[in-house]
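Subject: Structure handover

Hello,

Here is the structure I said I would pass on.

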Amino acid sequence: MQAQPLIAVSDVAAASRWYQAVLGCKSAHGGAEYDQLTFDGRLILQLHRWDAHHHAHIGDPGCRPYGNGVLLWFWTDDFDDAVDRAAAVRATVLEGPKENRNAQHREIWLHDPDGYVVVIAGPYGDVGM
């Protein structure tokens with residue numbers, strides 16, 4: 001089994017550019033209504049425009065915050081590079097970069113352009129206890 005998370009966004013192209021810049025991933029589909037983002041050829045996130053295709057269970061774009069407690073959590077081998085990419089696009093930083101001593105790694109918590117919480121974490125064990 002493999003997770004294939006999908007989030008609803010107001011502007012698929014803009015969200016795709018943001019995620020590509022911050023995560024270093026690529027678009028594998030493209031389009032105004034839907035995109036697939038991949039890293040090393042693996043699907044990591046799907047983006048779907050709120051009002052496209054009238055999906056009954058995609059949610060209400062008027063209800064905030066988006067995600068209702070879901071965090072989009074990404075792991076990377078190169079945490080410092082990810083922090084630099086987030087800074088380059090002037091991503092809204094909620095917390096960090098910081099050390100999470102419980103997980104023994106570093107994290108940075110961001111808001112994406114639609115207000116979803118995105119966490120980028122370094123590899124487990126990259127900081128000592």
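Helix α1 (residues 12-23) lies across β5, β7 and β8, running at about 20° to β8. Helices (H or I, at least four residues) and strands (E, at least two) are DSSP runs, numbered from the N terminus. Angles run from 0 to 180 degrees between N-to-C directions, and axes are lines fitted to C-alpha atoms, for helices over the stretch in contact.

Before going on, note that this is a predicted model, in which local features need pLDDT of at least 70 and side-chain atom pairs count only at pLDDT 80 or more, while totals for chains, interfaces and linings use all residues. Residues are numbered from 1 along each chain as its sequence is written, and side-chain values use heavy atoms, with hydrogens and water left out.

**The sheet with β5 to β8**

This open sheet has four strands in the order β5-β8-β7-β6, with mixed pairing. Two strands pair if DSSP finds at least two bridges between them. β5 (71-75) and β6 (92-100) are at the edges with a single partner strand each, so one side of each has no neighbour in the sheet. From one strand to the next, the twist averages 15°.

Strands of a sheet pair through backbone hydrogen bonds, either parallel or antiparallel. Both kinds occur here: β7 (residues 105-111) and β8 (residues 117-121) are antiparallel over five bridges, whereas β5 and β8 run parallel and are joined by five bridges. To find these pairs on screen, look for H111 opposite V117 in β8, and for W75 opposite A121 in β8.

The covered face of β5 holds L72 and F74, and its uncovered face holds L71, W73 and W75.

I108 lies in β7. Is I108 buried or exposed? I108 counts as buried, at 2% relative accessibility; buried means under 20% relative accessible area, exposed over 50%, and partly exposed in between (1.4 Å probe, protein chains only). Leaving out residues up to four places away in sequence, I108 touches F79, V83, V93, E95, G96, P97, V118, V119 and I120. Contact means heavy atoms within 4.5 Å. V93 is 15 residues from I108 along the chain, and their C-alpha atoms are separated by 7.3 Å.

**Helix α2**

Helix α2 (residues 79-88) lies across β6, β7 and β8, at about 20° to β7. Its buried residues are F79, A82, V83, R85 and A86. Seen down the axis of α2, these fall within an arc of 160°, so they line one face of the helix; the arc is that of the directions from the helix axis to the C-beta atoms. Among the elements that cover them are α1, β6, β7 and β8. The face turned away from the buried side carries the exposed residues D84, A87 and A88.

D80 is also in α2, and D80 is partly exposed, with a relative accessible area of 43%. After α2 comes R90, whose phi is positive, near 55°.

How do the two helices meet? α1 and α2 pack at an angle of about 140°, with their axes 7 Å apart. On the α1 side are A21, V22 and L23, which meet A82, R85 and A86 in α2. The residues of this contact are five nonpolar, no polar and one charged. Here Ala, Val, Leu, Ile, Met, Phe, Trp, Tyr, Cys and Pro count as nonpolar, Asp, Glu, Lys and Arg as charged, and the others, Gly among them, as polar.

**The sheet with β1 to β4**

Another open sheet of four strands has the order β1-β4-β3-β2, also with mixed pairing. Its edge strands are β1 and β2 (26-27), each pairing on one side only. β1 and β4 run parallel, joined by four bridges, and V9 has R49 in β4 as its bridge partner. α1 packs on this sheet too, touching β1, β2, β3 (34-39) and β4, and its direction makes about 150° with that of β4.

**The core**

The largest nonpolar core has 28 residues, and those with the most contacts inside it are Y19, L45, L47, L110 and Y116. Such a core is a set of buried Ala, Val, Leu, Ile, Met, Phe, Trp, Tyr and Cys residues joined through side-chain atoms within 4.5 Å. Two or more residues each come from β1 (6-9), α1, β4 (42-49), β5, α2, β7 and β8. α1 gives the most, with six residues.

Regards
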